[in-house]
Amino acid sequence: MPGPLVVNDSVVIPDAELVWRFSRSSGPGGQGVNTTDSRVELTFDVAASTALPPALKERALGRLGSGTITIAASEFRSQLRNREAAEQRLAQRLREAIAPPPKRRRATKPSRGAVERRITAKKHRSDVKRLRRDP
């Protein structure tokens, strides 16, 4: 389970940069919930990371707002499954933070034919409604 966190093809976070914390979880688990530390908190410091290239780090910090990401997972009864869930959520969050910005939309005008078809349809609809009226 412990090991590097693969974010995408070019970004891999070493295990040394991930901080794990375990605590008792509320929720399902019966008597075991009182004795096992199944809740998981995964913290990653984006600002101090050496795994991210400077351009991606700057983009991530701009989108995330703060320098650290903390993910808490307690939806499963097993600590192992909560660790996996926390890792998946952190990887997804980082993928979204370092993704390139979407391409800007270039404004276009409708074609002459599209304008004519729209006007013709409006006139036809207008005629249909006009003919329904009482004289």
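Q: At what angle do the axes of helix 1 (residues 54–64) and helix 2 cross?
A: The two axes cross at roughly 105 degrees and come within 8 Å of each other. An axis here is a line fitted to C-alpha atoms, for helices over the stretch in contact, and angles run from 0 to 180 degrees between N-to-C directions. Helices (H or I, at least four residues) and strands (E, at least two) are DSSP runs, numbered from the N terminus. The model is predicted: local features need pLDDT of at least 70 and side-chain atom pairs pLDDT 80 or more, while totals for chains, interfaces and linings use all residues. Residues are numbered from 1 along each chain as its sequence is written, and side-chain values use heavy atoms, with hydrogens and water left out.

Q: Why is helix 1 called roughly perpendicular to helix 2?
A: The crossing angle is roughly 105 degrees. Angles of 65 to 115 degrees count as roughly perpendicular (under 35 is roughly parallel, over 145 roughly antiparallel, the rest oblique), so helix 1 is roughly perpendicular to helix 2.

Q: Which residues make the contact of helix 1 with helix 2?
A: Helix 1 contributes Leu-56, Arg-59, Ala-60, Arg-63 and Leu-64, and helix 2 contributes Arg-93, Glu-96, Ala-97 and Ile-98. Contact means heavy atoms within 4.5 Å. By class, these residues are five nonpolar, no polar and four charged. Ala, Val, Leu, Ile, Met, Phe, Trp, Tyr, Cys and Pro count as nonpolar, Asp, Glu, Lys and Arg as charged, and the others, Gly among them, as polar.

Q: Why are strand 3 and strand 5 said to stand at the edges of the sheet?
A: The open sheet has three strands in the order 3-4-5, paired antiparallel. Strand 3 and strand 5 (68–73) each have a single partner strand, so one side of each is left without a neighbour in the sheet. From one strand to the next the twist averages 15 degrees.

Q: Is Phe-44 buried or exposed, and what value decides that?
A: Phe-44, in strand 4, has a relative accessible area of 0%. Buried means under 20%, exposed over 50% and partly exposed in between (1.4 Å probe, protein chains only), so Phe-44 is buried. Residues that Phe-44 touches include Ile-13, Leu-18, Leu-90 and Leu-94. Gly-67 is also touched; Phe-44 and Gly-67 are 23 residues apart in sequence and 8.6 Å apart in space, C-alpha to C-alpha.

Q: What joins Arg-21, Arg-39 and Glu-41 into one network?
A: Arg-39 also forms a salt bridge with Glu-41, with the closest N and O atoms 2.8 Å apart. Arg-39 is partly exposed, at 25%. The salt bridges share partners, which puts Arg-21, Arg-39 and Glu-41 in one network.

How values were computed:
A salt bridge is a side-chain nitrogen of Lys or Arg within 4 Å of a carboxyl oxygen of Asp or Glu. Two strands pair if DSSP finds at least two bridges between them. Lists of a residue's contacts leave out its neighbours within four places in sequence.
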